[in-house]
Amino acid sequence: MIRKFILIIFILYSPINAFALIEVDITRGNLDPLPLAVSPLSIDELSKKNFNKILNKENIGSEISIIVENNLRTSGLFNPLDKDAFLQAPDIANLKPRFEDWNLIKAQALITGKVTYVNEKLRVEFRLWDVLAAKEMMALAFTTVPSNWRRVGHIISDKVYERLTGEKGYFDTRIIYVAEEGPKTQRIKKLAIMDQDGFNNKFLTLGNELVLTPRFNPTSQMVTYLSYFKNLPRVYLLDIETGTQEVVGDFPGMTFAPRFSPNGKKIIMSFAKDGKSDIYTMDLENRIVERITNHPSIDTSPSYSPDGKYICFNSDRSGYQQIYVMKSDGSEIKRISFGKGLYGTPVWSPRGDLIAFTKLHKGKFYIGVMRVDGSGERLLTENFYQEAPSWSPNGRVLIFYRETKTNVKGEGFSAKLWSIDLTGYNERLVDTPTDASDPSWSSLLSN
Amino acid sequence: MKISKILNNTLLVLVTCILMTACASKKVETTGAEMQGDVYMGTDSVEYLAEGVKDRVFFATNESILTTASRETLRAQAAWLRKNSNINVVLEGHADERGTREYNLALGERRANAAKDYLMTYGISSDRISVLSYGKERPVDSGSNPLSWSKNRRSVTVKAN
């Protein structure tokens, strides 16, 4: 069905180009990534000099093309070819590619472009070409402040990904996570944020208090997280732009496991009291708190469906941790996980059709997905310890964290971020300057 | 349901005792000697609130049931708290690393509350006891093995003032 969808988009997109041959199927593991050439964006000498002065980058054109190359490569769907083999100069290729030359090096698609300095701004145009059909598939131009140059590379990547796969990209996004340092028994944890590709890493807290589980608001640059400020574990709200923070609600005890509703207007979380944890929401506009579950068990890790009508959550009301789904008012609670083992951290896919989870079975931890009725369970990766999947905004990739087993002396502990495609292929370490855990993927920044 | 769980647990402990006695002559140095079921019985990380008053109790995996040894420790704590009525305590609940972070926060809270409830039945006012869960964030033992995990599944009574 998705194949058909892709085809329809192709036809709608370029009616004159119905013979376009390139089509990347992202619904199965892609063992044969599409070879494509990312020609360095051409740049004139004066623009080069000006950008060098502002950004301290000798050739911003090739820097941007490297970002595009890296993004497309890490997606696992594309194989950017070695630039040394390119025969045509970037400026000429952008005007009119000699398709025989690109065909010769087996490129099926070609990306060209041009960067200019206009009124202290960065102007970028780029084109995507179908080499076999010898046609232009897409041409776009935009202007922005020079300091946005990395985002330009991500936006180009998203456009190319979308044009070739028929689905939105996920490159112009950020990851918020917990940066970890120090011995296992006395970890220092800070909130940190970075671009999806690991650049522009920035710490948001100083590490004076324990912080856990940051999550992005899907509609703004707000984050909700758990902080042990003054040794009182509470859910907080943080505005990344201004740095202002506030406690969410006035609960007489620990609040934790926060997430935003899909429209960003509510926070859903657990409140623990007298050995029971229940799920509550707080409306961020009128501050009204609502109790959603009421059961002597532990109810936690709530996550809304993208239409906001349902909530999946983790409960041990059956005796052990399992995944449940209910209506967003707390009615019609239904258990959906029935496989062997314990299930935790359910997270609803932004596409609505799947729930990602952590599973513990026979001493191993798995990241998996199941349909929202619990059928079709599929385990993507097995390890000594891993948990807390977070979806890319297009619902194609999961990021999670993994911890290592220590040796007999208790040494060798580390925590790292990893990503894996929904297909179970393309598992990758996401590099961070320190140890890292609890990742949360933002929505697309540009839309 | 709870009673059957307790019975189950007692039975498990009994069975383990019998097993351990049976093998005692052979297996003196194994970790089994420090654990009953998978509840830690040793004194490795234990500190003392006062002479003879241990500061912590240990739990089985995924459980918050107090064992016989735990209840004994808590009765000693209650007796000491009754004598020192000016002292308030924080019960810090912990989980091992083999669980998801959010569930473990809830589990730590549940364990600390199990200890709190027991102190209250021995006459300590709830005003004097606060509860704080650390989930799996503050292990005492950084090992990745059953003995280390058993030391980390704990509720620790800490003086608040």
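Helices and strands here are DSSP runs, numbered from the N terminus. The model is predicted.

**Exercise 1. Locate B:Pro139 in chain B and decide whether B:Pro139 is buried or exposed.**

Solution. 
Step 1: B:Pro139 sits in the loop that runs between strand S7 (129-135) and helix H4 (146-152) of chain B.
Step 2: apply the cut-off. A residue is buried if 20 or more other C-beta atoms lie within 10 Å of its own. B:Pro139 has 26 C-beta neighbours inside 10 Å, so B:Pro139 counts as buried.
Step 3: list the contacts, leaving out residues up to four places away in sequence. B:Pro139 touches B:Glu97 and B:Asn152 in chain B, and A:Lys184 and A:Thr185 in chain A.
Step 4: compare sequence and space. B:Arg154 is 15 residues from B:Pro139 in sequence, and their C-alpha atoms are 9.4 Å apart.

**Exercise 2. Check the span of helix H3 (residues 101-121) of chain B against its number of residues, and state how many of them are buried.**

Solution. 
Step 1: find the expected span. The rule is 1.5 Å times one less than the number of residues, so the 21 residues of H3(B) should span 30 Å.
Step 2: turn to burial. Of the 21 residues of H3(B), 18 are buried, and the helix is mostly covered.
Step 3: look past the helix. B:Gly123 follows H3(B) and has a positive phi, near 90°.

**Exercise 3. Describe the contact between chain A and chain B from the side of chain A.**

Solution. 
Step 1: count residues. Chain A brings 33 residues into contact with 25 residues of chain B.
Step 2: assign them to elements. Among the elements of chain A that give two or more residues to this side are strand S10 (211-216), strand S14 (254-260) and strand S15 (266-273). S14(A) gives the most, with 3 residues.
Step 3: sort by class. This side of chain A holds 13 nonpolar, 15 polar and 5 charged residues.

**Exercise 4. Which domains make up chain A, and how do they touch?**

Solution. 
Step 1: By an automatic or database assignment, domain 1 of chain A covers 2-165 and domain 2 covers 174-441.
Step 2: The C-alpha centres of the two domains of chain A lie 35 Å apart.
Step 3: count the contact. In chain A, 9 residues of domain 1 meet 11 residues of domain 2. Helix H3 (residues 60-74) of chain A gives the most to the domain 1 side, with 3 residues. That side divides into 1 nonpolar, 6 polar and 2 charged residues.

**Exercise 5. Give the strand order and edges of the open sheet of 4 strands in chain A.**

Solution. 
Step 1: write the order. The strands of chain A run S9-S8-S7-S30, with antiparallel pairing.
Step 2: name the edges. Strand S9 (202-203) and strand S30 (435-441) of chain A each pair on one side only.
Step 3: examine one pair. Strand S8 (residues 188-195) of chain A joins S9(A) over 2 bridges in the antiparallel sense. The bridge partner of A:Ala192 in S9(A) is A:Phe203.

Definitions and conventions
Residues numbered from 1 in each chain as written. Chains lettered and ligands numbered in written order. Predicted model: local features only at pLDDT ≥ 70, side-chain atom pairs only at ≥ 80, totals over all residues. Buried ≥ 20, exposed ≤ 12 C-beta atoms within 10 Å, placed from the backbone. Contact = placed C-beta atoms within 7 Å. Nonpolar A, V, L, I, M, F, W, Y, C, P; charged D, E, K, R; others polar. Pairing = 2+ DSSP bridges.
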